[in-house]
Amino acid sequence: IAYYDSLTNLPNRMLIMDRLKQALAKAARECSILGVLFIDLDNFKRVNDTLGHNNGDTLLYLASQRMLAVLRQSDTLGRLSGDEFIVIVTNAESYDALGTVAEKILENLSSPAVIIENMEIVPSCSIGISVHPDHSIHPDELVQMADTAMYEAKNKGRNNYAFYHPSLTKKAAHHLM
């Protein structure tokens, strides 16, 4: 219970970070590509505020199931907090393969859903992607870089994905000043 999110039954922040450390060690040994996808549901606060937290919880569960449906068994989906999720994609063949995973998540998630009787919503998300070993070999940095890239995906119009690039960190730092 301490390692799983009670709503989605996915690994929670503590377990997903542990799994990321293990996956990174394996990727380093095998000299393979590992992707971290940071996923944030678009406009989720509006769902909670207008439809209520119970319906927001229903959407979170639905989103988690839709994401799981397109992942390989070797990949790991976890819930960080709120409407933020992480996917660890192991043994990725290329950046294109990671982009394909993101596209499948975007497509499957955006199917219309009925979470309240007679009301259809179309969920979407924004995804940021960081890559081991190109961007970092450290789990916390990879998550932060994927988070930074996710904001770039939101800036591109939401329901999109973006790969991390060092210029994004400079851009984010500039907005803080």
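A: Happy to, and let's start with the contacts: among those in the protein between residues at least 6 apart in sequence, 64% join residues at least 24 apart. Do keep in mind that this is a predicted model. The protein has 6 helices and 7 strands, and from the N terminus on they follow the order α-β-α-α-β-β-α-β-β-β-α-β-α. Its radius of gyration is 16 Å, close to the 16 Å that the globule rule gives for 177 residues, so the protein is as compact as a globular protein of that length.

Now to the rings. The structure holds 2 aromatic pairs. In one of them, the ring centres of Tyr95 and Phe163 are 5.1 Å apart and the planes meet at 35°, so this pair is tilted. Tyr95 sits in helix α4 (residues 95-109) and Phe163 in strand β7 (residues 160-163), so the pair ties together parts that are 68 residues apart in sequence. Tyr95 counts as partly exposed, at 30% relative accessibility, and Phe163 also counts as partly exposed, at 23%.

Phe163 has a further partner in Tyr161: their ring centres lie 6.1 Å apart with the planes at 80°, so this pair is edge-to-face. Tyr161 counts as buried because its relative accessibility is 18%, under the 20% cut-off. Put together, the ring pairs link Tyr95, Tyr161 and Phe163 into a cluster.

How values were computed
Residues are numbered from 1 along each chain as its sequence is written. This is a predicted model: local features need pLDDT of at least 70, side-chain atom pairs count only at pLDDT 80 or more; totals for chains, interfaces and linings use all residues. Side-chain values use heavy atoms; hydrogens and water are left out. Helices (H or I, at least four residues) and strands (E, at least two) are DSSP runs, numbered from the N terminus. The radius of gyration is taken over C-alpha atoms; the globule rule is 2.2 Å times the number of residues to the power 0.38. Contact means heavy atoms within 4.5 Å. Rings of Phe, Tyr and Trp (its six-membered ring) pair if their centres lie within 6.5 Å; planes under 30 degrees apart count as stacked, over 60 as edge-to-face and the rest as tilted. Buried means under 20% relative accessible area, exposed over 50%, partly exposed in between (1.4 Å probe, protein chains only).
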